Amino acid sequence: MPTNAAWRGVAVREVRAMVSLRSWRDPLLVAISLVALWQVLHELAGDVAVTAPAPTLAHLWEMIGQARFLPHLRETGLAFLQALAIACGGGVLIGLVLGGHKLSGEVAEPILVGLYSIPKITLYPVILLLFGLGMPAKVAFGALHGIIPVVLFTMNAVRNVNRTYLRAGRAMRLTPLQTGWHILVPATLPEIFSGLRIGFSLTLLGTMLGELFASQRGLGFLLMTAIDLHDVKTILAIAVLISTFAIIANAALLAIDKRLHRGAAPEGAGKP
């Protein structure tokens, strides 16, 4: 006869299988619904406004196989990665400094919130004057979109560190390095990662906007060229490519974010 431990093991495996199936089922149903809606819009509007899903995906596959498409994809990817590195690295560093110094954080927070509320597109002429056309302007515009949320999340994460943990570290005579690694990193990582996830999405948005308005290469440049030529199939193909990348990346980051928050201590526990 199976023991209680064996039954519990079987039950745990079944629950995990159900959760895994559910995690795949919901995105799959959403994707099928979007494709069905896309097909309905095509039937209503015709090829002049919306091409059908199958021809669009076939055109996207054909575009990816063309040698002239790869430099544009590489340009966008390189600009995005540079902007993301600046937004995440700079945002975390600034957030740590502002969160660790109370007065600086209180002064900077309303300024950052005010800057975040400004439509960034109004600052694009200034970006062009400072950096000119090309890669630097796209990188700067992408980083400008993503850095402020990362700063705010990091600053609040440092502010909200449970003081009981810090007192325990002092009682155990931990060095500053040990305190940072064993206390501050685990306590702040979930919220900082949430900021990085939002910064990722906004940096991608800023990079694409930079390519749309003033660029000679990149997916945004191809998209604007297709709009000028009213090439609906290319417009939708590029939109599908960018959307697919954004959805997959955000789903992966969201899964990591949820896992980090599940392992975090209950909010508000032990606060003085």
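Tutor: Happy to! Keep in mind that the model is predicted. Its average pLDDT is 81, and 86% of the residues score at least 70. Among the elements, helix H3 (residues 69-100) has the highest mean pLDDT, 92, while helix H1 (residues 4-45) has the lowest, 64. Over residues 267-272 the pLDDT stays under 50.

Now to the part you asked about. The count of salt bridges comes to five. How accessible are the two partners? With a cut-off of under 20% relative accessible area for buried, Lys138 qualifies at 1%, and Glu75 qualifies at 12%.

Lys138 also meets the side chain of Glu211 in a salt bridge, at 3.2 Å from N to O. Glu211 belongs to helix H8, so this second pair ties helix H6 to a part 73 residues away in sequence. Like the others, Glu211 counts as buried, at 1% relative accessibility.

A further salt bridge joins Arg197 and Asp257, whose closest N and O atoms are 3.1 Å apart. This pair, too, links distant parts of the chain, with Arg197 in helix H8 and Asp257 in helix H10, 60 residues apart. Here the two sides contrast: Arg197 is partly exposed at 22%, whereas Asp257 is buried at 4%. As for shared partners, salt bridges join Glu75, Lys138, Glu211 and Arg217 into one network.

What lies around that network? Ser215 is in the loop between H8 and H9 and is buried, with a relative accessibility of 17%. Leaving out residues up to four places away in sequence, Ser215 touches Lys138, Gly210 and Phe221. The C-alpha atoms of Ser215 and Met135 are separated by 8.1 Å, although the two residues are 80 positions apart along the chain.

With the sequence neighbours up to four places away set aside, Leu219 touches Glu211 along with Phe69, His72, Leu73, Thr76, Met208, Ile238, Leu241 and Ile242. Leu219 is also one of the residues with the most contacts inside the largest nonpolar core, the others being Phe200 and Ile238; this core has 22 residues. At least two core residues come from each of helix H2 (53-65), H3, helix H8 (176-213), helix H9 (219-229) and helix H10 (232-262). H10 supplies the largest share, seven residues. Apart from this core lies another one of nine residues, including Ala108, Leu112, Ile147 and Leu152. As a general background, nonpolar side chains tend to be buried together in soluble globular proteins.

Leu84, in helix H3, counts as buried at 16% and touches Gly89, Gly199, Phe200 and Thr203 beyond four places in sequence. In helix H10 you will find Thr234, buried at 10%. Setting aside its neighbours within four places, Thr234 is in contact with His59, Met63 and Ala226.

Finally, step back to the whole chain. Of its 272 residues, 33% count as buried. The accessible surface comes to about 16800 Å², with 71% belonging to carbon and sulfur atoms.

Technical notes:
Residues are numbered from 1 along each chain as its sequence is written. Side-chain values use heavy atoms; hydrogens and water are left out. pLDDT is the predictor's confidence in each residue, from 0 to 100. Helices (H or I, at least four residues) and strands (E, at least two) are DSSP runs, numbered from the N terminus. Contact means heavy atoms within 4.5 Å. A nonpolar core is a set of buried Ala, Val, Leu, Ile, Met, Phe, Trp, Tyr and Cys residues joined through side-chain atoms within 4.5 Å. Buried means under 20% relative accessible area, exposed over 50%, partly exposed in between (1.4 Å probe, protein chains only). Accessible areas come from the Shrake-Rupley method with a 1.4 Å probe; for residues, only the protein chains shown count as cover. A salt bridge is a side-chain nitrogen of Lys or Arg within 4 Å of a carboxyl oxygen of Asp or Glu.
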